[in-house]
Amino acid sequence: MNIEQVKERAGPREFGPSDEMPEPYRKAATRMIQFHANSEIMGALIERPFIRQAPSLERKLAVSAQVQDEIGHGQLLYRAAEQLGVKTREEMLDELADGRGKFLNCFHYPLDHWYELPMIMFFVDGAAMRRQASLKRTSWEPYAHAIDKICFEEGFHIKHGEDILREIATGSRRDKELLQDAFEKWWPRILQFFGPTDDDSTHGGFAQEVGLKTMSNDDLRNAFLNAYLPKAEKYGLEIPEYPRIEYDESRDHYEIENSDLDWAEFETVSKNEYPPGREQIDSRGRRQEAVDWVREAIMDDSTTAVTGTTGAAAD
Amino acid sequence: MRFEVFRQEKRKEYHQHVGDVHAPDMELAKQYAQVIHARRKPANSLWVVPKDEIGTVDADEQSVEMGGTTQKQYRWATNFATGEMPEEIEESEREQQSVERDAAGESDD
Ligand SMILES: [Fe+2]
Ligand SMILES: [Fe+2]
């Protein structure tokens with residue numbers, strides 16, 4: 001197939017490993033799925049400390065189940081990317097560990113406090129879910145299959161995140177203040193989740209033409225704001241005055257004042273050069289290195305050494 | 001030799017297990033599968049797999065905890081009452097509900 005034929009045929013779940021896809025398609029799909037997979041892993045990494053810090057047993061169990069889910073999502077996605085024949089899973093994991101792999105802006109920021117957790121678990125996961133739901137119709141079938149399973153699990157994450165938000169929002173005055181502080185800190189990053197508004201992001205156009213993406217970043221952000229602004233208000237969160245957001249009724253569209261957001265920082269983050277994010281990446285690198293021996297043991301002796309010890313981990 | 005047969009009804013759908021066939025080799029297995037499992041019911045594609053090549057994990061095996069064998073309320077969307085949700089969350093929850101219902105139905109009988 002050449003690119004023109006791909007564009008012509010592009011549609012939901014249209015292409016799979018038995019199709020001979022041209023290189024630009026395979027590269028664009030790899031870039032997109034690898035980014036998604038990396039984000040699952042890095043998201044799990046910043047949520048993991050809250051298994052320990054959870055205020056109750058119920059929360060502890062739910063956070064740990066969620067972190068397990070996210071690692072599983074990463075695994076599914078690396079598999080879907082691997083089938084494009086551009087990079088192996090090992091290459092992608094190495095790229096993540098050594099700082100070449102890119103991932104979502106929000107996971108470059110440290111999560112310092114329980115009050116910040118719903119910002120990730122509810123708003124960021126909610127934004128991610130909005131995007132993921134639109135990817136059930138992506139043209140790379142293995143990606144769509146991974147998305148089916150991810151979306152099945154993700155409903156729990158967002159509802160659990162909202163439940164934590166509700167609990168804090170109905171707590172003491174101090175709880176509410178700390179929650180509002182966390183919200184103000186995270187709100188601009190959440191708005192940046194979908195990239196700059198005027199940006200037909202360099203790869204977005206092509207990815208949409210070949211059916212990898214089914215909605216533009218701008219439409220996704222808009223759908224997200226439509227659904228999640230009322231939620232923020234429901235829990236008494238005050239939307240900060242800046243960045244300015246204006247609702248255009250005639251177009252049913254939210255306009256964000258782009259110049260109110262720190263795009264220089266976003267650039268630094270996207271290049272993996274933001275120091276706290278860099279620390280997260282290095283931490284990922286050290287963990288990868290720390291379990292090298294496990295991977296080696298599996299490769300050396302896949303029949304005896306490790307079987308039987310991994311069963312209960314991923315249920 | 002025994003072969004398991006997976007049928008995909010329409011393009012883009014998942015292949016689902018529909019039964020097995022006995023045949024001396026793959027060529028005949030594919031023909032039998034076609035006749036037995038795809039002659040009447042609509043089919044777009046069949047996967048025919050030697051039974052011996054299939055690895056099995058059972059829920060009652062030791063050190064394996066599979067979905068539905070454990071009570072883990074905390075990891076279901078239905079565990080949290082948060083009012084009306086965005087459409088994609090409602091859909092995820094409906095999928096979880098139907099799995100829960102199936103599991104409950106099984107343990108009833
Ligand atoms: Fe996820
Ligand atoms: Fe999630």
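The structure described here is a predicted model.

**Salt bridges within chain A**

A:Lys185 pairs with A:Glu116 through a side-chain salt bridge of 2.9 Å, N to O. This pair connects distant parts of the chain, the two residues being 69 residues apart. A:Glu116 sits in the loop between helix H5 (89-97) and helix H6 (117-134) of chain A, whereas A:Lys185 belongs to helix H8 (residues 173-192). A:Glu116 has a relative accessibility of 5% and so counts as buried.

A:Glu23 is partly exposed, with a relative accessible area of 44%. For A:Lys27, likewise partly exposed, the relative accessible area is 44%.

A:Arg286 and A:Glu279 also meet in a salt bridge, with an N to O distance of 3.1 Å. A:Glu279 is partly exposed, its relative accessible area being 40%. Salt bridges with shared partners join A:Arg9, A:Glu14, A:Asp19, B:Arg11 and B:Lys12 into one network. Over all chains, the count comes to 38 salt bridges.

| Partner | Partner | N to O distance |
|---|---|---|
| A:Glu116 | A:Lys185 | 2.9 Å |
| A:Arg286 | A:Glu279 | 3.1 Å |
| A:Lys136 | B:Glu91 | 3.3 Å |

**The interface of chain B and chain A**

The contact between the two chains draws 27 residues from chain B and 37 residues from chain A. About 2600 Å² is buried between them, and carbon and sulfur atoms give 54% of this area. On the side of chain B, the residues that lose the most area to chain A are B:Lys12, B:Tyr74 and B:Glu88, which together account for 24% of what that side buries.

Across this interface there are 6 salt bridges. In one bridge between the chains, the side chain of A:Lys136 meets that of B:Glu91 at 3.3 Å, N to O. The side of chain B that touches chain A divides into 10 nonpolar, 7 polar and 10 charged residues.

A:Asp163, in helix H7 (residues 141-169) of chain A, has neighbours in both chains: A:Arg59, B:Phe80 and B:Thr82, leaving aside residues up to four places away in sequence. The side chains of A:Asp163 and A:Arg59 are joined by a polar contact of 3.1 Å. A:Asp163 counts as buried because its relative accessibility is 10%, below the 20% cut-off.

**The iron site**

The iron ion (ligand 1) is coordinated by A:Glu40 (OE), A:Glu70 (OE) and A:His73 (ND1), at distances of 2.0 to 2.3 Å. The sequence spacing of these donor residues is E-x29-E-x2-H. A:Glu70 also bridges the iron ion (ligand 1) and the iron ion (ligand 2), and these ions lie 3.4 Å apart.

Helix H4 (residues 57-82) of chain A contributes both A:Glu70 and A:His73, which are 3 residues apart, about one turn of the helix. Both residues are buried. A:Gln66 is found in helix H4 as well. With a relative accessible area of 0%, A:Gln66 is buried. Leaving out residues up to four places away in sequence, A:Gln66 touches A:Glu47, A:Met121, A:Asp125, A:Phe156, A:His157 and A:His160.

**A buried loop residue**

A:Pro22 is placed in the loop between helix H1 (3-9) and helix H2 (23-47) of chain A. Its relative accessible area is 12%, so A:Pro22 is buried. Apart from residues up to four places away in sequence, A:Pro22 touches A:Met1, A:Asn2, A:Ile3 and A:Val6. A:Pro22 and A:Arg189 are 167 residues apart in sequence, and their C-alpha atoms are 35 Å apart in space.

Key:
Residues are numbered from 1 along each chain as its sequence is written. Chains are lettered from A and ligands numbered from 1 in the order in which they are written. This is a predicted model: local features need pLDDT of at least 70, side-chain atom pairs count only at pLDDT 80 or more; totals for chains, interfaces and linings use all residues. Side-chain values use heavy atoms; hydrogens and water are left out. Contact means heavy atoms within 4.5 Å. Buried area is the accessible area (1.4 Å probe) that two parts lose on being put together, summed over both. A salt bridge is a side-chain nitrogen of Lys or Arg within 4 Å of a carboxyl oxygen of Asp or Glu. Ala, Val, Leu, Ile, Met, Phe, Trp, Tyr, Cys and Pro count as nonpolar, Asp, Glu, Lys and Arg as charged, and the others, Gly among them, as polar. Donors are N, O and S atoms within 2.8 Å of the metal (3.2 Å for Na, K and Ca); water is not among the atoms, so sites may look incomplete. Helices (H or I, at least four residues) and strands (E, at least two) are DSSP runs, numbered from the N terminus. Buried means under 20% relative accessible area, exposed over 50%, partly exposed in between (1.4 Å probe, protein chains only). A polar contact is a pair of N or O atoms within 3.5 Å; within protein, one must be able to donate a hydrogen and the other to accept it, and residues adjacent in sequence count only if both atoms are side-chain atoms.
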